[in-house]
Amino acid sequence: MLTFDGVQIVQGAFRLSANLTVPAGARVAVIGPSGAGKSTLLSVIAGFLTPVSGRVLINGADVTTLPPGQRPVSMVFQDSNLFPHLTVAQNVGLGIRPNLKLSTAEREQVEQALARVGLTGFEARKPGALSGGQQSRVALARVLLRDAPLVLLDEPFAALGPALKVEMLNLVADIAAERNLTLMMVTHDPKDARRVAGHAVLVANGVAHAPVETETLFTNPPEALRAYLGDSG
């Protein structure tokens, strides 16, 4: 379970408040106008930003002041956040040990994670030799090995073509269901939200609202979302 308890986020003139709970195992889209604070919200969960007040709790534990590496969270960015000088296997292995001193059993875990995302045989390649979709798969394999109960996706597939994006979203949904992961995904696309997320958090006008059913939100959107979506909802 993820809880924002009276959280206030301030960055210069930017203000965002959040007072909401995401149940364990939920798949939640984070949607709203550009610049409203969707990525900021995920950064607070991950520990890259600290709120000026309030608490962030994960499974009942207060993580508000914990550094990112100590939080039970995995995050996938739009650029996949891969190290170009490391091989695919090494990039995935970072999910187990930052020093990459892996045991035989841990190397087998890396191979299994790559197999799960369809990258068997790619272990020795560098990220620069991969397509955008393959790089996204490497990032997902690393998520599998971190074994964190909360996964944050900050538009990781935005640069992919429509067919490949659907394939990756389906893979994310399958992995989340298999492992009962709590998933929060920033997206600008209602179709992506409907495909992956049963609930959605609207971020608009300085507020991250409590989750509601995705279909309900898009069927009867509030004015801020209606203006943002136009005819695309």
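A residue is called buried here when its relative accessible area is under 20%, exposed when that area is over 50%, and partly exposed in between, as computed with a 1.4 Å probe on protein chains only. The structure is a predicted model, in which local features need pLDDT of at least 70 and side-chain atom pairs count only at pLDDT 80 or more, while totals for chains, interfaces and linings use all residues. Residues are numbered from 1 along each chain as its sequence is written, and side-chain values use heavy atoms, with hydrogens and water left out.

Helices (DSSP runs of H or I, at least four residues) and strands (runs of E, at least two) are numbered from the N terminus. In helix 5, the buried residues are Lys165, Met168, Leu169, Leu171, Val172, Ala173, Ile175 and Ala176. An α-helix has 3.6 residues a turn, so residues three or four places apart point the same way. The cover over the buried residues of helix 5 includes strand 3 (27-31), helix 3 (104-116), helix 4, strand 7 (150-154), strand 8 (182-186) and helix 6 (190-196), where contact means heavy atoms within 4.5 Å. The expected span of a helix is 1.5 Å times one less than its number of residues; for the 18 residues of helix 5 this gives 26 Å, which agrees with the 26 Å between its end C-alpha atoms. Just after helix 5, Asn180 takes a positive phi of about 55°.

Axes are lines fitted to C-alpha atoms, for helices over the stretch in contact, and angles run from 0 to 180 degrees between N-to-C directions. The axes of helix 4 (residues 132-146) and helix 5 (residues 162-179) come within 11 Å of each other and cross at roughly 10°. Helix 4 is therefore roughly parallel to helix 5, given that angles under 35 degrees count as roughly parallel, over 145 as roughly antiparallel, 65 to 115 as roughly perpendicular and the rest as oblique. In this contact, Gly133, Ser136, Arg137, Leu140 and Leu144 of helix 4 meet Leu164, Glu167, Met168, Leu171, Val172, Ile175 and Arg179 of helix 5.

Helix 3 packs against helix 4 at an angle of about 130°, with the axes 9 Å apart, and helix 3 is therefore oblique to helix 4. The residues that meet are Gln109, Val110, Ala113, Leu114 and Arg116 in helix 3 and Ala141, Leu144 and Leu145 in helix 4.

Asp154 lies in strand 7 and is buried, with a relative accessible area of 13%. Asp154 and Val76 are 78 residues apart in sequence, yet 6.3 Å apart in space, C-alpha to C-alpha.
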